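This briefing is written for a reader who has the sequence and the coordinates at hand.

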Amino acid sequence: MTDDTAHANTSARKTSSFGFRDVDATEKVQMVRGVFDSVASNYDLMNDLMSGGVHRLWKDAAAAKLNPRPGEVILDVAGGTGDMARRYSKMARAAQQRRGGEDARVIVLDYNAEMIMAGVAKGGEPEMSWAVGDAMSLPLPDDSVDAYSISFGIRNVADIDQALREARRVLKPGGRFLCLEFSRPTASAIRKAYDAWSFNAIPRIGGWIAKDRDSYQYLVESIRRFPDQTTFKTMIETAGFSRVTVTNLSGGVAAIHHGWAI
């Protein structure tokens, strides 16, 4: 959920999914930007609708898996309004108070300035900084961060493989990669129930409360177009990550993919 956003500057000939449609990859960049310009002011509502309110528990589990430490540089891509970055900052500070060490640095990067402004308005933590940037071309040097996370944002990227390569590039040797994303429920009963809720209720409620049915329709379609757990795990490994694991949440409605830059 963040539906946090990230995008790419890709060739005009490359296509990418926008919901159930395939569009020019460069066109998707602008289309997704429009979606998140529209939903930024209702971002917390959107997360609650998409997850049934469970996204907070999923985010807690993802933050615990990343295990932020004192002195680390943590890059939160498609960081939206900073939900994950606040968790990382507090966890790193708590570890620092227990065992000492330098302050952590948590960089929130999002392609959408409206989302960043909504996050700044919510307030941050001392460890946090904010930046507008592209997941496809990260404004950071090679081997410069200890941990990379992207939560509910990678499915909005025009070129997922390029985003994964960029994550690998900026991570230091031994760095950690974490992606929290909606995924494929493992049981057919859960899958049917979630599909019924997402396709029938979410766009309707989005139109009623946020006055924007189309953006919410895209968001539920984007979940169904995203690769399943096994396929995405292979994509992460192809990008150069090792020891990649998958942790299903709520029966696979969401999943944490974790790997190492070794």
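In helix α9, the buried residues are Gln229, Phe232, Met235 and Ile236. Viewed down the axis of α9, these buried residues fall within an arc of 125 degrees, so they line one face of the helix. The model described here is predicted.

- In general, an α-helix has 3.6 residues a turn, so residues three or four places apart point the same way.
- The buried residues of α9 are covered by elements that include α6 (160-170), β7, β8 and β9.
- After α9 comes Gly240, which has a positive phi near 110 degrees.

**The sheet**

- Seven strands make up an open sheet with mixed pairing, in the order β5-β4-β3-β6-β7-β9-β8.
- Its edge strands, each pairing on one side only, are β5 (128-132) and β8 (242-249).
- On average, neighbouring strands of this sheet are turned by 15 degrees against each other, with direction ignored.
- Helix α9, spanning residues 229-238, packs on the sheet and touches β7 (171-182), β8 and β9. The direction of α9 makes about 155 degrees with that of β8.
- Strands β8 and β9 (residues 254-261) run antiparallel and are joined by 6 bridges.
- Within this pairing, Asn248 stands opposite Ala255 in β9.
- As a general point, the strands of a sheet pair through backbone hydrogen bonds, either parallel or antiparallel.

**Ser149 in strand β6**

- Strand β6 covers residues 145-151 and includes Ser149.
- Ser149 has a relative accessible area of 0% and is therefore buried.
- The Ser149 side chain makes a polar contact with the side chain of Asp76 at 2.8 Å, and another with the side chain of Tyr88 at 3.1 Å.
- Apart from its neighbours within four places in sequence, Ser149 is in contact with Leu75, Asp76, Val77, Tyr88 and Leu178.

**Aromatic pairs**

- The count of aromatic pairs comes to 7.
- One of them joins Trp58 and Phe182: the ring centres are 5.8 Å apart and the planes lie at 85 degrees, so the pair is edge-to-face.
- Trp58 belongs to helix α3 (residues 55-66) and Phe182 to strand β7, so this pair ties together parts that are 124 residues apart in sequence.
- Trp58 and Phe182 are both buried.
- A tilted aromatic pair is formed by Phe177 and Phe241, with 4.9 Å centre to centre and 35 degrees between the planes.
- Phe177 lies in strand β7 and Phe241 in the loop between α9 and β8, so the pair ties together parts that are 64 residues apart in sequence.
- Phe177 is buried, at a relative accessible area of 0%, and Phe241 also counts as buried, at 4% relative accessibility.
- Ring pairs link Trp58, Phe152, Phe182 and Tyr194 into a cluster.

Terms used
Residues numbered from 1 in each chain as written. Predicted model: local features only at pLDDT ≥ 70, side-chain atom pairs only at ≥ 80, totals over all residues. Heavy atoms only, no water. Pairing = 2+ DSSP bridges. Helix = DSSP H or I, 4+ residues; strand = E, 2+ residues; numbered from the N terminus. Axes fitted to C-alpha atoms, helices over the stretch in contact; angles between N-to-C directions. Contact = heavy atoms within 4.5 Å. Buried < 20%, exposed > 50% of the residue type's maximum accessible area, 1.4 Å probe, protein only. Polar contact = N/O pair within 3.5 Å; in protein donor to acceptor, adjacent residues only side chain to side chain. Phe/Tyr/Trp six-rings, centres within 6.5 Å; stacked < 30°, edge-to-face > 60°. Arc of directions from axis to C-beta.
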